[in-house]
Amino acid sequence: MQPFDYFSPKTLPEAVEILSRHNGDARVVAGGTDLLLKMKGGRLAPKAIVNIKRLAELRGISETSNSKLQTPNYHLPITTIGALTTLEELRRSPIIRERYPSLCDAANTMASVQIRNLATVGGNMCNAAPSADLAPIFIALDASAVIAGPGGERRVPLEEFFVGPGKTVLESGELLASLEAPPPVGPSLYLKHSPRAHMDIAVVGVGLAAQLSGGVCESARIVLGAVAPVPLRVRRAEAELIGGPFSAERIDRAAKIAAEEAQPIDDVRGAVWYRRKMVEVLVRRGLTAIGGIEN
Amino acid sequence: MIGQRIPKLDAPDKATGRTVYGHDVRLPGMLHGRIKYSKHAHARVVRVDVSRALKLPGVKTIVTADDNPPTMFGYGKDNTPLKGQVVRSLRDEVAAVAAVDADTAEEALSLIEVEYEPLTAVFTPEEALKEGAPLIHAEHGSNYFTRYRYSHGTLEAGERESDVTVEADFELPYVAHAAMETSVVVAAFDHRGHLTLYSTTQIPFLLQRDLSEALGMEGSEIRIIQTAIGGAFGRGLDIYPFEPIAALLARKAGKPVRISFSRYEEFLAAPVRQPAKVHVRAGATREGMITFRDAYALLDIGAYVSWGSVTPLVMMETTASLYRIPHSRFAADCVYTNNPITGAVRGYGNPQSTFFVETMMDRLAVALDMDPVDFRVRNANRPNEETPQGLIITSCGLKECLEAVAARADTARQKDEGKTMKDRPHPSSFIPHPSKKRGIGFAATLNVGGGARIYRSDGCGATVKVDDFGHVSLVTGSTEIGQGSETVLAQIVAEVLGVNVEDVNVLNSDTDVKPWDVGVHASRTTFIAGNAAHIAALDARRQLFETAAEMLKTTPDDLIAKDGHVVAKVSGKSAELGKVARARHYREGGQVILGEGWYDPPTKLVDKDTYKGNISATYGFGAQMAEVEVDTDTGKVRVLRLVCANDVGRAINPMAVEGQIEGGAQMGLGYALTEEVIVEKGRVMNPDFLDYRLFTTADMPEIETVIIETDDPQGPFGAKGVGEMGGTPTAAAIANAIHDAVGVWMTTVPMTPERVLKALMEKENL
Ligand SMILES: Cc1cc2nc3c(=O)[nH]c(=O)nc-3n(C[C@H](O)[C@H](O)[C@H](O)COP(=O)(O)OP(=O)(O)OC[C@H]3O[C@@H](n4cnc5c(N)ncnc54)[C@H](O)[C@@H]3O)c2cc1C
């Protein structure tokens with residue numbers, strides 16, 4: 001490993017200042033479960049490391065009421081998930097369990113308890129692995145990224161946060177402060193396919209959220225992980241569902257379209273044909289289950 | 001003492017971090033060595049320039065092929081520590097650096113300039129055998145290394161007698177040992193120029209000889225000290241270049257040198273299980289009697305020969321002698337390629353051959369419309385018979401093993417097809433799965449259980465000393481590699497001397513101290529080293545009794561050893577062991593109590609032309625039953641239950657036997673479902689535990705072990721070996737269960753979701 005400077009700021013402005021000063025040569029470290037592996041493997045050699053673990057602002061899961069929001073269930077609060085929330089905290093949070101059980105599902109499939117106690121939600125986003133498990137489901141839940149930087153705070157829909165493998169919209173000096181999830185519009189689900197039960201990266205991950213009323217699909221978000229350079233919303237598949245009955249035939253068609261929309265590559269974790277097939281299977285299963293939850 | 005469930009004596013120190021592993025060894029002035037590997041799978045080395053690297057502060061020395069002694073080493077005498085003219089695989093060592101720390105050494109590697117002239121490389125045995133293919137070792141004259149040709153009976157007769165025949169092609173992958181501890185060695189020279197090597201080898205005495213060749217030294221100038229071994233699984237059965245390289249660096253630097261592999265390097269440069277393509281045919285009569293079995297295996301042994309090239313001997317045994325086989329033929333060709341070097345891995349050819357042999361058994365059973373267990377029992381090997389291959393089977397519990405797993409399967413046989421994933425902790429995974437199908441499958445295994453004579457001697461020496469305090473030291477030639485041998489050997493000695501197992505210390509790690517042994521392999525330690533320890537303990541006891549008889553005024557045959565004392569049966573008088581030892585030490589013309597034992601089993605090397613002969617003093621048998629659930633949408637196979645029955649002769653320590661079987665099953669499950677070193681054009685594509693998938697605790701099914709005791713006539717207290725059998729039949733049992741569930745025959749491992757789904761789709765398209 002190459003030598004590096006180490007900073008451990010106590011406040012957010014201080015952290016932003018250090019990051020800005022290094023002009024892209026500094027890296028944030030949260031749990032370190034992605035970063036250290038890359039550094040030890042020689043794939044990253046930052047000049048400085050900024051430990052953000054002491055930034056209280058980035059911790060915790062909280063709710064804020066927001067009556068201005070014109071979404072269904074607007075009477076329910078917005079949930080803010082601090083970037084430093086660990087995967088285990090996410091999994092165990094009563095708020096998350098009650099409101100977004102699909103996030104628990106996703107956290108449940110991730111790593112091991114030891115890793116989950118270190119790994120953070122922010123790290124999972126900012127590492128921007130195409131297979132990151134939380135990304136598809138957060139996007140399906142219509143979450144936004146709250147970004148802190150030299151110019152203050154800005155919000156980006158999470159869907160637009162990812163630019164490519166390992167790349168996000170974060171600019172030099174910026175860091176991810178939290179994710180904001182609007183009140184759920186209906187049932188949601190995360191399904192992951194990997195050879196092992198745990199400690200495995202998704203061959204395909206699927207985040208699903210739908211709003212159903214009287215058997216009709218009012219809205220649907222289908223987001224795929226590990227089959228494109230970034231988490232992929234498959235809008236043609238969504239369109240197939242929206243405005244019609246949530247029937248087996250339509251679900252089947254949407255699943256097939258989602259498989260077409262996927263852009264997987266061949267690698268040691270799966271062949272293109274297999275990944276497409278798994279998109280179809282998981283989307284079909286997930287949507288069917290969502291229909292079941294609704295009834 | 002014998003038959004007791006005694007936790008491993010070395011476990012508390014291991015669990016609390018007190019054990020000294022190879023990676024913990026630090027010697028004064030020790031340097032850190034790193035190896036520069038080839039950039040090409042096959043190339044001529046034009047120039048190696050180390051001048052820039054030598055200038056890096058902290059670099060102490062660099063070795064290249066110029067530092068090699070003139071001799072070649074290795075099983076095929078085809079290897080040198082460093083490669084100077086031709087590199088034959090991506091793991092070929094072209095230079096090595098010793099520096100004050102590992103980071104400096106690593107940086108120095110990047111400053112070494114190597115100029116190559118690429119040569120055509122071959123990455124499959126088929127390519128390597130084509131007309132005009134480049135020769136991997138020109139001096140060898142051919143890319144064939146060895147060709148095995150075995151037969152008994154006549155195949156034509158076997159075919160004539162058959163009412164059904166089945167035929168299939170199998171493809172078997174590279175597999176890594178994936179030991180928790182990566183390869184490590186520390187080399188140090190003393191003022192005489194003698195080498196001490198701290199090593200995790202499984203063959204300390206053979207390594208002395210191998211190293212003497214690799215370094216151009218005398219074996220007597222080399223001392224091997226084995227550190228605690230954090231898993232080996234066959235990796236330590238040969239010499240590998242990093243060991244002599246460490247010694248060359250240490251000699252040149254005049255300082256001790258350690259080379260320890262990173263995990264990445266371990267995947268890249270440690271030997272792997274050799275991949276094979278196998279064509280198999282088998283037949284049976286309408287009555288369910290096997291008529292013949294015929295197999296041809298093409299093995300890729302990689303760029304240099306190691307023990308991977310001898311695994312056909314084991315495949316041959318499974319093919320020709322698992323069940324009564326009237327007619328059999330087995331042929332194998334081991335071929336050089338520019339792929340990674342292959343070595344010995346637990347089971348040594350047997351997981352491979354049991355996979356094809358035992359899935360073929362189910363194909364026959366299906367063709368005959370017979371129960372797979374009935375069919376196997378009908379053809380099972382029996383006690384006290386010689387197989388046509390010349391294996392002399394004495395104790396044999398194959399039938400009992402099969403019946404034991406079958407009895408436990410009956411209750412499990414429930415094909416419910418609409419199960420939900422209720423056991424998953426997800427709040428929202430109550431997903432209906434009409435696509436999940438269940439099945440059960442069986443497979444049996446035959447393994448050497450009384451040593452395996454692959455060298456001229458299959459012996460092991462031992463000494464047992466009793467000291468002034470009644471404390472007992474067993475010095476054994478054999479090695480502890482995590483299998484629990486220290487505990488079992490201590491139990492054997494404790495039983496003979498009538499002491500507690502904690503009173504026996506087992507020393508087994510220094511070639512200057514311990515008597516000779518072939519090595520720890522072939523499930524041989526309990527049987528061979530156990531017999532040697534038994535003999536040595538009896539000898540020590542004879543000496544104790546001799547002195548005690550004088551002390552207690554009786555004759556030795558009136559004495560027994562019990563509770564730390566020598567007791568006279570008639571008078572009831574006794575003397576504490578330490579006291580007897582002291583009496584022997586302090587008397588005029590005194591002597592020590594030092595029992596000596598040597599055991600070499602009554603076996604033969606196989607005949608070099610016919611491959612027939614009894615290589616083991618006894619054979620172990622086992623059977624497994626797997627219950628699986630196949631997701632027909634994704635191809636994912638979940639093992640719900642695995643029942644393992646093993647004939648171990650006598651379980652000296654049932655807890656240790658269970659540990660061996662469960663650990664073996666864990667490797668067998670990985671072999672069956674997830675583990676594969678993916679090699680493309682000679683390059684390992686998944687050199688980490690992310691993409692090389694071991695079975696983790698979360699994947700493990702419930703494992704039930706059944707111990708069958710047949711009291712082997714030659715084993716120590718009736719015991720025979722079990723070290724490898726736990727994992728050999730697992731893949732076959734699972735494949736058979738998959739067939740039971742969804743009707744497809746898998747011919748490749750690991751049976752990944754992708755492969756299973758592909759097989760299902762092909763079946764549907766038929
Ligand atoms: C054994 C193992 C198993 C794993 N299993 C899974 C799995 O099943 N699914 C999965 O998706 N991932 C998995 N991971 C990957 C990893 O644990 C997760 O991505 C984790 O959430 C990363 O969080 P972290 O806090 O450790 O990130 P870090 O390693 O600290 O950071 C990751 C990257 O994000 C940047 N970063 C972190 N926080 C911020 C922030 N607030 N603002 C700006 N940049 C930031 C860092 O600079 C770095 O580039 C696994 C990792 C390991 C080692």
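These entries record what I looked up on the contact between chain B and chain A and on Glu265(B).

**Basis.** I worked from a predicted model, in which local features need pLDDT of at least 70, side-chain atom pairs count only at pLDDT 80 or more, and totals for chains, interfaces and linings use all residues. Residues are numbered from 1 along each chain as its sequence is written, chains are lettered from A in the order in which they are written, and side-chain values use heavy atoms, without hydrogens and water.

**Interface.** I looked up the contact (heavy atoms within 4.5 Å) and found 29 residues from chain B and 27 residues from chain A. The buried area, meaning the accessible area (1.4 Å probe) that two parts lose on being put together, summed over both, is about 2,600 Å², and carbon and sulfur atoms give 62% of this area.

I counted 4 salt bridges between the two chains, each a side-chain nitrogen of Lys or Arg within 4 Å of a carboxyl oxygen of Asp or Glu. One of the salt bridges joins Asp631(B) to Arg285(A), at 2.7 Å from N to O.

**Chain B side.** Helix α18 (residues 753–765) gives the most to the side of chain B that touches chain A, with 5 residues; helices are DSSP runs (H or I, at least four residues), numbered from the N terminus.

**Glu265(B).** I located Glu265(B) in helix α8 (residues 263–269) of chain B. Glu265(B) counts as buried because its relative accessibility is 3%, where buried means under 20% relative accessible area (1.4 Å probe, protein chains only). Leaving aside neighbours within four places in sequence, I noted that Glu265(B) contacts Arg34(B), Ile35(B), Tyr37(B), Ser260(B) and Ala270(B).

Definitions and conventions
Helices (H or I, at least four residues) and strands (E, at least two) are DSSP runs, numbered from the N terminus. Buried means under 20% relative accessible area, exposed over 50%, partly exposed in between (1.4 Å probe, protein chains only).
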